[in-house]
Amino acid sequence: EKGGFDHFMLKEIFEQPKSIADCLRGRLLPEEALIQLGGIHNNLSKLAKAKRIVFVACGTSWHAGLVGEYLFEELARINVEVEYASEFRYRNPIIKEGDFIIAISQSGETADTMAALELAKSKGAIILGVCNVVGSSISRITDEGVYTHAGPEIGVASTKAFTAQVTVLTLMALATAKAKGTITDDVFRRIIFELDAIPAKVAEILKKSEEIKDISKLFTFAQNFIFLGRGLNFPVALEGALKLKEISYIHAEGYPAAEMKHGPIALIDEDMPVVFIATKDSSYEKVVSNIQEVKARKGRVIAIVSEGDVDVKKMVDFAIEIPNTHEILQPLLTAIPLQLLSYYIAVLRGRNVDQPRNLAKSVTVE
Ligand code: F6R
């Protein structure tokens, strides 16, 4: 049942070229330069006119929402907020006509996310869902939605569901931008062409698993970890830290790289491993100087870099190269080495990676 893998988590990490392709199938039509999302067909033109989108989610799904925020703002120029479902529902949230509330949930059963939707619905919002489990409670209560089609996720730590959520949000943001006219045909074509190439690029990254395993061996006994990224890779840094803490029980924190000097930099010494997402994008130069700041304080740096990188490689202790893609698609690639890093560290520490202590696959209590 684990298909020859030691754990479901590893199997699911390795399934990602297929799960992302499954998520794109029939929706992304690169030849015709078209995106078809039957699941939100009735609301797409309204979504294009939305004044505001609020994503409600928990945990990893909330991180996918943060990626969605960048995507919808950048491509469709819609104001987005990302809320922890548990916080949103216990405020008196302001919901106006024309607002869309979009729940992101792998299980479709998370109690707080469900309750946030019920509240939004009672206030007259249009509610959409991005769920993995077909027929789940959230998929049934929502007006419309787009399934992630990642297949069953057994490992408690979410991996393939996350990349499928980001894939769906990318498709939704692109379709909305197209309907709204905030994207040129040229840029649209370029992004969908790159999106179509993502599964093969994920497969390329998975070939580096032995290299990542070797790096993990040197960090097995770390007490703490910091994950840093900017822009679209900031949520990936949060997700990398969450993966590591939940399966290895190492204390890990994710931060936007520029926030480091507002506090966390005090933690840096030779015992503090820092994972940087330092791929070639619009904030590359800034991240390079953040790495310098960490190295000057003797932090040990593992960096996720773009193929062909020279500058970062010279500065860091370990660099993991990943293929280049369009900047807005980077989270689909940068998340993968961080999943592998957490997995191998947890296994080396002898943890039960598929069923970490105190955690449940779906949190149906508040
Ligand atoms: C982390 C993880 C959790 C879930 C969260 C939301 O690996 O799995 O943080 O992401 O409990 O669950 P769903 O997406 O089912 O609503």
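1. A pocket, in this note, is an open set of points on a 1 Å grid over the protein atoms alone, with protein on both sides within 12 Å along at least five of seven lines, whereas a cavity is a set of points where a 1.4 Å probe fits but cannot get out; lining residues have an atom within 4 Å of a point. Grid points are joined across faces, edges and corners, and a volume is the space filled by probe spheres set on the points.

2. The model is predicted, and local features need pLDDT of at least 70, side-chain atom pairs count only at pLDDT 80 or more, while totals for chains, interfaces and linings use all residues. Residues are numbered from 1 along each chain as its sequence is written, and side-chain values use heavy atoms, with hydrogens and water left out.

3. The largest pocket holds about 570 Å³ of space, and its lining consists of 26 residues, with Cys 58, Gly 59, Thr 60, Lys 361 and Val 363 lying nearest its centre. Helix 4 (59-76), strand 5 (99-105), helix 6 (111-122) and helix 12 each contribute at least two lining residues; helices (H or I, at least four residues) and strands (E, at least two) are DSSP runs, numbered from the N terminus. Sorted by class, this lining has 10 nonpolar, 10 polar and 6 charged residues, where Ala, Val, Leu, Ile, Met, Phe, Trp, Tyr, Cys and Pro count as nonpolar, Asp, Glu, Lys and Arg as charged, and the others, Gly among them, as polar.

4. The ligand takes up the space of the largest pocket, a molecule being placed in a pocket if more than half of its atoms lie within 2 Å of the grid points. Around the ligand there are 14 residues, of which Ser 61, Ser 105, Gln 106, Thr 110 and Glu 246 come nearest, a residue being near if one of its heavy atoms lies within 4 Å. This shell divides into 4 nonpolar, 8 polar and 2 charged residues, and helix 4 and helix 12 each supply at least two of its residues.

5. The side chain of Glu 246 places an N or O atom 2.5 Å from a ligand oxygen atom, and a polar side-chain atom of Ser 105 lies 2.6 Å from an oxygen atom of the ligand. From Val 156, a polar backbone atom is 3.2 Å from a ligand oxygen atom. Of the 400 Å² of accessible area that the ligand has on its own, the protein covers 90%, with areas taken from the Shrake-Rupley method with a 1.4 Å probe.

6. The second largest pocket contains about 280 Å³ of space, and among its 20 lining residues Glu 74, Leu 232, Ser 282, Glu 327 and Ile 328 lie nearest the centre. Helix 4 and helix 9 (185-196) are the elements that give two or more residues to this lining, and helix 4 gives the most, with 5 residues.

7. The search of the whole structure finds 1 cavity of 30 Å³ or more, and the largest cavity holds about 40 Å³. Val 236, Glu 239, Gly 240, Lys 243, Ala 335, Leu 338 and Gln 339 line the largest cavity, with helix 12 (233-248) and helix 15 (331-348) as the elements giving two or more residues.

Key: A polar contact is a pair of N or O atoms within 3.5 Å; within protein, one must be able to donate a hydrogen and the other to accept it, and residues adjacent in sequence count only if both atoms are side-chain atoms.
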